[in-house]
Amino acid sequence: MVKSSATDTAPGSSNETTHPTPSAPEHRGPDTMTLGESLRRNGVSRRGFLKFCAATASMMALPPSMALAIAEALEQARRPSVIWLSFQECTGCTEALTRSFSPTVENLILDTISLDYHHTLQAAAGDAAEHAREQAMHANAGSYLVVVDGSLPGPKANPGYSTIAGISNYDMLMDTVKGAAAVVAVGTCATFGGLPKADPNPSGAVAVQDLIKGKPVINVSGCPPMPMVITGVLAQYLTFGKLPELDEYNRPLAFFGQSIHDRCYRRPFYDKGLFAESFDDEGAKKGWCLYRLGCKGPMTYNACATMKWNGGTSWPVESGAPCLGCSEPNFWDAGGFYEALSVPPGKSGDTLLAAGVAGAAVGAGVGLMARGKAKSAAKSHQTVTVDELEQQL
Amino acid sequence: MTSLGEIPVRVEGETQVDFGNARPILGEVRHALARLLDSGEPTQIDLGAMPFGPGDEQRLLDWLGRGEVNASIEALGPTRIQETALRGVWLVEYLNADEQRIALHLEIDEVPRLLRAPREDLRDGLAELDARLADADGNDPTGPAAD
Ligand code: SF4
């Protein structure tokens with residue numbers, strides 16, 4: 001990996017930060033303290049702080065040698081105000097984030113941001129809640145982050161499909177982002193429309209990035225997204241005061257830069273053309289590649305293969321289930337979850353076997369084919385019954 | 001909360017399979033050791049960022065073996081440090097207060113970084129000791145020093 005040295009410097013100097021200038025330390029309330037101060041006030045020692053930074057580096061998918069740079073930057077970092085809006089969603093994203101093991105680095109990050117408004121988590125309700133949102137917007141104008149989970153009925157759709165306190169989702173979003181530094185769309189519904197947008201999209205659902213112009217939008221896709229990735233993005237902003245580098249879908253490259261397939265521990269079997277043919281055959285028991293069982297790993301970009309789920313316990317492929325591609329646009333309408341990627345429905349697996357034998361060379365092409373296929377499947381909106389599914393297996 | 005380890009799960013089959021993802025790490029450790037010898041430059045390897053399959057981590061740890069030193073640090077939950085059979089190659093496991101792992105690193109260094117006392121702590125320690133000495137002088141039953 002990468003070297004460690006005491007001379008590492010933070011990539012973002014405090015001059016580049018978008019945080020407002022902190023007030024004098026002695027007058028600082030909890031909202032104006034730096035993260036370093038806030039942790040020390042909670043009795044965290046310098047070793048504890050360094051440990052926190054080492055774990056934060058892992059969380060941000062940065063090399064461990066960055067821990068010292070992170071420590072330096074975090075000493076100065078201020079708690080950003082975060083307004084969290086939940087629209088047409090299932091609360092799975094918030095669940096994923098808050099049900100992660102506690103107390104963890106994720107929790108510490110959550111403790112150190114100032115979460116001023118979150119429909120699900122806040123105690124206030126009704127007018128008081130809306131008042132909190134307006135107050136946070138006013139007090140932190142130009143510097144707060146807006147996190148959104150859920151898609152929302154677009155400007156031409158009937159706003160009645162989703163409202164909060166009598167305000168349409170569309171109006172609330174547009175009003176709230178006006179003074180924001182950036183918008184973080186969390187989960188596949190907010191990033192790409194998700195299940196509410198599934199054909200025939202009765203509520204006219206659109207993604208956040210379809211509506212926001214002139215503000216940075218960071219997409220943290222996944223159904224749900226990985227908790228460490230949500231907090232990793234917040235930690236990055238908190239640490240370096242700037243937004244991460246993004247891919248073509250505005251997803252942070254640090255987490256979405258490599259496909260599941262490229263980081264999958266079953267990849268050596270794919271390269272040798274060794275595939276499980278059913279969920280309980282010998283191949284499945286030996287941990288062979290799940291490509292033929294519909295694995296969407298080759299076209300899916302996410303961090304599951306290394307960060308894993310449930311405190312690093314496992315992830316879908318490790319549990320013997322093919323990747324569903326839940327962090328990709330249109331995964332909900334892209335054909336059957338258990339259909340192999342490059343095999344046209346109804347045909348035998350010949351094409352696939354050829355792909356498997358050719359292995360890595362074909363890998364990239366498979367991704368492209370898969371995206372094409374997802375589009376055509378979305379157009380014809382294939383439906384599948386449980387019986388059909390069982391027959392296919 | 002019930003920890004995942006308490007759920008009785010029996011894994012069949014694939015635990016015996018070698019996915020081949022552990023061995024390349026040894027090559028990385030080799031480079032790091034050589035670098036430490038040549039230039040004194042330490043290295044940390046984040047094992048959590050490796051595409052390990054079931055059993056890969058254990059296989060790596062078995063290869064690395066256990067050395068003479070182990071240490072534990074209590075700060076924001078425990079951190080366990082174990083020297084491997086290769087001197088200067090340390091396994092550093094960061095745990096939270098519920099003893100769940102939050103990161104697993106290999107450190108290639110003479111002493112792992114977390115074991116060294118931070119300089120600011122040395123300064124604080126000196127100030128603390130001075131204060132205690134001053135306090136002790138004040139309470140000395142034989143009275144203050146002659147000069
Ligand atoms: S197809 Fe799926 S199971 Fe097979 S190597 Fe790729 S990601 Fe892993």
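In this predicted model, helix α6 (residues 126–139) of chain A and helix α7 (residues 169–177) of chain A have axes that come within 10 Å and cross at roughly 30 degrees. Helices here are DSSP runs of H or I with at least four residues, numbered from the N terminus. Axes are lines fitted to C-alpha atoms over the stretch in contact, and angles run from 0 to 180 degrees between N-to-C directions. The crossing angle therefore makes α6(A) roughly parallel to α7(A). Angles under 35 degrees count as roughly parallel, over 145 as roughly antiparallel, 65 to 115 as roughly perpendicular and the rest as oblique.

In α6(A), A:E130, A:R133 and A:M137 meet A:M172, A:D175 and A:T176 of α7(A). Contact means heavy atoms within 4.5 Å. By class, this contact of α6(A) with α7(A) holds two nonpolar, one polar and three charged residues. Ala, Val, Leu, Ile, Met, Phe, Trp, Tyr, Cys and Pro count as nonpolar; Asp, Glu, Lys and Arg count as charged; the others, Gly among them, count as polar.

In chain B, the axes of helix α1 (residues 23–39) and helix α2 (residues 56–64) come within 9 Å and cross at roughly 45 degrees. That angle makes α1(B) oblique to α2(B). B:R23, B:I25 and B:L26 of α1(B) meet B:L60, B:W63 and B:L64 of α2(B). Five nonpolar, no polar and one charged residues make up the contact of α1(B) with α2(B).

Side chains of opposite charge can pair when their charged atoms come close. A salt bridge is a side-chain nitrogen of Lys or Arg within 4 Å of a carboxyl oxygen of Asp or Glu. Over all chains, the count is 19 salt bridges. One of them joins B:R59 and B:D56, at 3.0 Å from N to O. B:R59 and B:D56 lie three residues apart in helix α2 of chain B, so about one helical turn separates them.

The two chains also meet. Chain B gives 47 residues to the contact and chain A gives 41 residues. About 3600 Å² is buried between chain B and chain A, with 59% from carbon and sulfur atoms. Buried area is the accessible area (1.4 Å probe) that two parts lose on being put together, summed over both. Two salt bridges cross this interface of chain B and chain A. In one salt bridge, A:R46 pairs with B:D121, and the closest N and O atoms are 2.7 Å apart.

Residues are numbered from 1 along each chain as its sequence is written, and chains are lettered from A and ligands numbered from 1 in the order written. Local features need pLDDT of at least 70, side-chain atom pairs count only at pLDDT 80 or more, and totals for chains, interfaces and linings use all residues, while side-chain values use heavy atoms, leaving out hydrogens and water.

Key
Helix = DSSP H or I, 4+ residues; strand = E, 2+ residues; numbered from the N terminus.
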